[in-house]
Amino acid sequence: MSIKKIRCMASRSRARTIRGASLLEVLVSVLLSAIGLLALAGANVASIRYSKMSQYKGTATMLAADLAERMRANANGLVGYAVAADFAAQASPLTPSSACVTYASTCSNPVTAMAASDLVNWRIVVRNQLPEGSVSVAPSAGVWPAMPAADVWIAWRDPAVANPNENSTDARNFAKECPPNFSADQAVRCIYFRINL
């Protein structure tokens, strides 16, 4: 066999080996692209979820500001704004006409009647603007130098949480913000406000 013939055979076998390598490179690049696209899709879903959570927090902040203005307008009736019901107890709908029916014992006093009416109307707005929106309000009458104030928690059910009993870190952090004895599951998000009058 001549050297020329041996070189020709060696170059043919090398060419066969190289042809298979390019196919392998294409498969690896497709796999890496698929992993990158999946990561991008996951980031997009998380972005949508957190932007929705931010929207709910913004709505809760505006609702707390609304209650603060109602309380400041009726500072003498501050104790009439108390809500101690837990999350599950607030599932039944309220109507604006139920203010004096719900608080029948206080409707003889105009200051507490105004507080009762304000509270029922505000709770209806909270329920309509947040998914299963609920509240807890604990007013405290202050004596100088401590000013009257109220602790307000606004809660809602996060629709993005598929399993209400999920035990994620995010859900546990929000559960810490709920008031004591609120009896809320892990899908309930709470935000706390301190209103000083």
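Colleague: Which helix lies across β1 and β2, and at about what angle to β1 does that helix run?
Modeller: This is a predicted model. Two strands, β1 and β2, have a helix across them. That helix spans residues 110-129. The helix is α3, running to β1 at about 145°.

Colleague: Which strands stand at the edges of the sheet, and why?
Modeller: The sheet is open, with three strands in the order β1-β2-β3 and antiparallel pairing. Residues 134-140 and residues 188-196 form strands with a single partner each, so one side of each has no neighbour in the sheet. The edge strands are therefore β1 and β3.

Colleague: What is the bridge partner of Val152 in β3?
Modeller: Strand β2 covers residues 149-157 and runs antiparallel to β3. Nine bridges join these two strands. In β3, Val152 is partnered by Phe193.

Colleague: Is Asp158 buried or exposed?
Modeller: Asp158 sits in the loop between β2 and α4. Its contacts beyond four places in sequence are Arg49, Met53, Ala187 and Arg189. Buried means under 20% relative accessible area. Asp158 has 4%, so Asp158 is buried.

Colleague: With which side chain does the side chain of Asp158 make a polar contact?
Modeller: Arg189 is one of the residues that Asp158 touches. The two side chains make a polar contact at 3.2 Å. The partner is Arg189.

Colleague: Which parts does the pair Cys178 and Cys190 tie together?
Modeller: The whole structure holds one disulfide. It joins Cys178 to Cys190, with S to S at 1.9 Å. Both cysteines are buried. The two lie 12 residues apart in sequence, so the pair ties the loop between α4 and β3 to strand β3.

Colleague: What separates Glu69 and Arg72 in helix α1?
Modeller: Their side chains meet in a salt bridge, 3.1 Å from N to O. Both residues belong to helix α1, residues 3-73. They are three residues apart, so the separation is about one helical turn.

Colleague: Which helices does the pair Arg70 and Asp118 tie together?
Modeller: Arg70 and Asp118 form a salt bridge, with the closest N and O atoms 3.5 Å apart. Both residues are buried. They are 48 residues apart in sequence, and each lies in a helix, so the pair ties together α1 and α3.

Colleague: Where does Glu132, the salt-bridge partner of Arg157, lie?
Modeller: The closest N and O atoms of Arg157 and Glu132 are 3.1 Å apart. Arg157 lies in strand β2, 25 residues away in sequence. Glu132 lies in the loop between α3 and β1.

Technical notes:
Residues numbered from 1 in each chain as written. Predicted model: local features only at pLDDT ≥ 70, side-chain atom pairs only at ≥ 80, totals over all residues. Heavy atoms only, no water. Pairing = 2+ DSSP bridges. Helix = DSSP H or I, 4+ residues; strand = E, 2+ residues; numbered from the N terminus. Contact = heavy atoms within 4.5 Å. Axes fitted to C-alpha atoms, helices over the stretch in contact; angles between N-to-C directions. Buried < 20%, exposed > 50% of the residue type's maximum accessible area, 1.4 Å probe, protein only. Polar contact = N/O pair within 3.5 Å; in protein donor to acceptor, adjacent residues only side chain to side chain. Disulfide = S-S within 2.5 Å. Salt bridge = Lys/Arg side-chain N within 4 Å of Asp/Glu carboxyl O.
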